[in-house]
Amino acid sequence: MLGNIKFIGELGKLDLIHESILHKCIKTLLEKKKRIQLKDMGEDLECLCQIMRTVGPRLDHEKAKSLMDQYFGRMRSLMNNKDLPARIRFLLQDTVELRENNWVPRKAFIDNGPKTINQIRQDAVKDLGVFIPAMTSGMRTDFFQENPFLPTRMSREALGGLADMFGQMPGSGIGTGPGVIQDRYSPTMGRHRVNPLFNGHGGHMVPASQSQFDKPFMKPNQGQNLLFQNQTQQQAQSKDMPPRFTKKGQLNADEISLRPAQSFLLNKTQVPKLQPQIPTMIPPSAQPPRTSTPPLGQPPQLGLKTNPPPIQEKPQKTNKKPPPAKEELLKMTETVMNEFLNNKNISDAVNGVREMKAPKHFLPEMLSKIIVCSLDCPDGDKEHVSSLIHALRTEGLITGENFMQAFLNVLDQCPKLEGDIPLVKSYLAQFAARAIIAELMSIADLAHPLENGTHFPLFLLCLQQTAKLRDKEWLTDLFQQSKVNMQKMLPEIDQNKDRMLEILEGKGLSFLFPLMKLEKELLKQIKADPSPQSIYKWIKDNISPKLHTDKGFVNILMTSFLQYIFQEMYSNDEDDQLSAPSKEQLDQEKQLLLAFKPVMQKFLHDHVDLQVSALYALQVHCNTKAFPKGMLLRYFVNFYDMEIIEEEAFLAWKEDITQEFPGKGKALFQVNQWLTWLETAEEEESEEEAAD
């Protein structure tokens, strides 16, 4: 299953899968299955984390923000559930933190590949405070070859032994031994030198010119004899000894001098400074001290800074008090609540909560305690507690997500609380209604955990309380903006239009769906007087102008017309009549469509989206009749010829992908050839216009 989810996610990243399908996959993975315990949902939640990491950045945009907030609110509640395995909880936590970090993964997931030499140099500057300059040709030759103090025949490599003894020269590598960083012009290359001239460890030593230091110790021809002896010994030993032993024991004790060579007694003005390519990359700790080079005759202080940086003492650690334990925080919350219910002083209660200094992860539990403490209080106290919660949010002490998690925690305790507080759901509905009004949470946030009749009828009670606290029109607009499917909020056995309308009328919430009553009443009006003038007048008198451009209204209008035409054409639903209507029936169908044409054009003209809704109403109508042969194509042709539906609407219906209306696949099978013709004809017309 995890492999399939990865495949779906990669398809989604390439825009090969519509967002609605990805959202459906996420909802399917999030919802709790029947007869399956939470601890057994580990595979689904792992797949959820995988698909979120893959396509989460693509889905997390402004239009889908409310849905993504609901998903991650549910994931946070699951993240804190101890019934899930620790691995799954950590996966959920990583996914939640990934979204909080704007979908940017942590450095551990980014910086784990090979690095270039420039990146290694930059990391050394940042982490170690050591600058490794890049090699230039000038650095290799200027320092050693153009200096008058060096012997004329002394090469760059001959300085290796003294450099090892007195410290590395500028530009040398970092440390010695295997695994260290070496640059190409380092005077010492550790144990891994390839050139035998380095450090004087054997090979062809170039005899230096006589100096004041070696006149008493060596004759003019003595260096040549020693050189010949060293070469002979090296050739004899190299045949019998492994390569790793050839570097040892090849120096004569007479050749070693503990005095610093003339090359180290250099005048500052004669030695060009080795400047890095990017001076700003040198940290202060790696820069040489600004002191003059000592004159000749005085021993230089090699490798030592004249002004070492002062030692900074570490500040003494302050003994911070550990955060209070959970039990202590709960007691403090209860104390603040008791004082608030006695004196009703919001500012004192806010200060008390602020002084608690509760960690963020404790805030939902604190709010749960506040709600539970006030459930059995009078309605006035509940209102004051709601005001306190709103004040805490205004002061920035809590967030809407904290309140939503607290509300879900209290819902989980409902079975236990109902024994002591029978009307606990009604009281919770009051808190939820005030939270919706105060914008602590939205109707969509409230609806998500209550789908499929969970804690029924809590959602309807919340809407009732909201309507009491505000007006019905305000709630209707807010509910329509939330795009909550009311049928899904009912138990599965009641998820149909007739039963939903009955339940809403019983709860006094039928005003939320003014179009549901319209469907039955409009069909009665058409049967009573099918003239277009009377139908249009009845619509203007009984339906608000705001609904005239509503897709639901257009759907009901078209459904009523189609049902009336079907009832007039066929006396019964026999298959022979439906699949092979007579010529008289076809003429009657066309005449009725022409009669209703003015009303249809009045509401559909210049509204392509409403025309698409009308086509979906036709699709559902044919689906309920099991798609009689030729019916859908016949209506498509009539709508096109009568100019009720435009070409653009037909093509938009073809490309649209939705599962809200059943029968789309069968419908496309019947009319696909005609739609192809329509699309080709439209392209030919556009080409002719372009040619003209």
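Trainee: Where in the structure is aspartate 606 found?
Mentor: Good place to start, with one caution: this is a predicted model, in which local features need pLDDT of at least 70, side-chain atom pairs count only at pLDDT 80 or more, and totals for chains, interfaces and linings use all residues. Residues are numbered from 1 along each chain as its sequence is written, and side-chain values use heavy atoms, leaving out hydrogens and water. Helices are DSSP runs of H or I with at least four residues, strands are runs of E with at least two, and both are numbered from the N terminus. Aspartate 606 is found in the loop between helix H25 (583-604) and helix H26 (608-624).

Trainee: Is aspartate 606 buried or exposed?
Mentor: Buried means under 20% relative accessible area, exposed means over 50%, and partly exposed is in between, using a 1.4 Å probe and protein chains only. Aspartate 606 also has a phi near 65°, a positive value in a residue other than glycine. Its relative accessible area is 57%, so aspartate 606 is exposed.

Trainee: What is the relative accessibility of histidine 455?
Mentor: Histidine 455 sits in the loop between H17 and H18. Its phi is positive, about 55°, although it is not a glycine. Histidine 455 counts as partly exposed because its relative accessibility is 23%.

Trainee: Which peptide bond is cis, with omega near 5°?
Mentor: Look again at the loop between helix H17 (443-447) and helix H18 (458-469), where proline 457 has its place. The cis bond runs from phenylalanine 456 to proline 457.

Trainee: How many helices and strands are in the protein?
Mentor: For background, 37% of the 692 residues count as buried. Contact here means heavy atoms within 4.5 Å. Among contacts between residues at least 6 apart in sequence, 70% join residues at least 24 apart. As for the elements, the protein has 29 helices and zero strands.

Trainee: How far apart are the end C-alpha atoms of H2?
Mentor: The expected span of a helix is 1.5 Å times one less than its number of residues. For the 12 residues of H2 (residues 19-30), that rule gives 16 Å, and this agrees with the distance in the model, which is 17 Å.

Trainee: What arc do the buried residues of H2 cover?
Mentor: The buried residues of H2 are Leu22, His23, Ile26, Leu29 and Leu30. They lie on the same side of H2 because the arc around the axis is only 125°.

Trainee: Which helices do the buried residues of H2 pack against?
Mentor: An α-helix has 3.6 residues a turn, so residues three or four places apart point the same way. For the buried residues of H2, the packing partners are helix H1 (2-13), helix H3 (42-59) and helix H4 (65-79).

Trainee: What arc holds the buried residues of H19?
Mentor: In helix H19 (residues 472-482), Leu475, Thr476, Phe479 and Ser482 are buried. They line one face of the helix, so seen down the axis of H19 they fall within an arc of 125°.

Trainee: How is an arc of this kind defined, and which helices do the buried residues of H19 pack against?
Mentor: The arc is that of the directions from the helix axis to the C-beta atoms. The buried residues of H19 pack against H17 and H18.

Trainee: At what angle do H27 and H28 pack?
Mentor: Phe636, Phe639 and Tyr640 in H27 meet Glu647, Phe650 and Trp653 in H28. Axes are lines fitted to C-alpha atoms, for helices over the stretch in contact, and angles run from 0 to 180 degrees between N-to-C directions. With axes 10 Å apart, H27 (residues 631-641) and H28 (residues 647-655) pack at about 145°.

Trainee: How far is the sulfur of cysteine 47 from the closest cysteine sulfur?
Mentor: A disulfide is a pair of cysteine sulfur atoms within 2.5 Å, and the count comes to zero disulfides. Cysteine 47 is buried, with a relative accessible area of 1%. Its closest cysteine sulfur is in cysteine 49, too far for a bond, at 9.3 Å.

Trainee: Which residues does glutamine 430 contact, leaving aside its neighbours within four places in sequence?
Mentor: Glutamine 430 lies in helix H16 (residues 424-437) and is buried, with a relative accessible area of 10%. Its C-alpha atom is separated by 6.6 Å from that of cysteine 462, 32 residues apart along the chain. The contacts of glutamine 430 are Asp379, Lys382 and Gln465.
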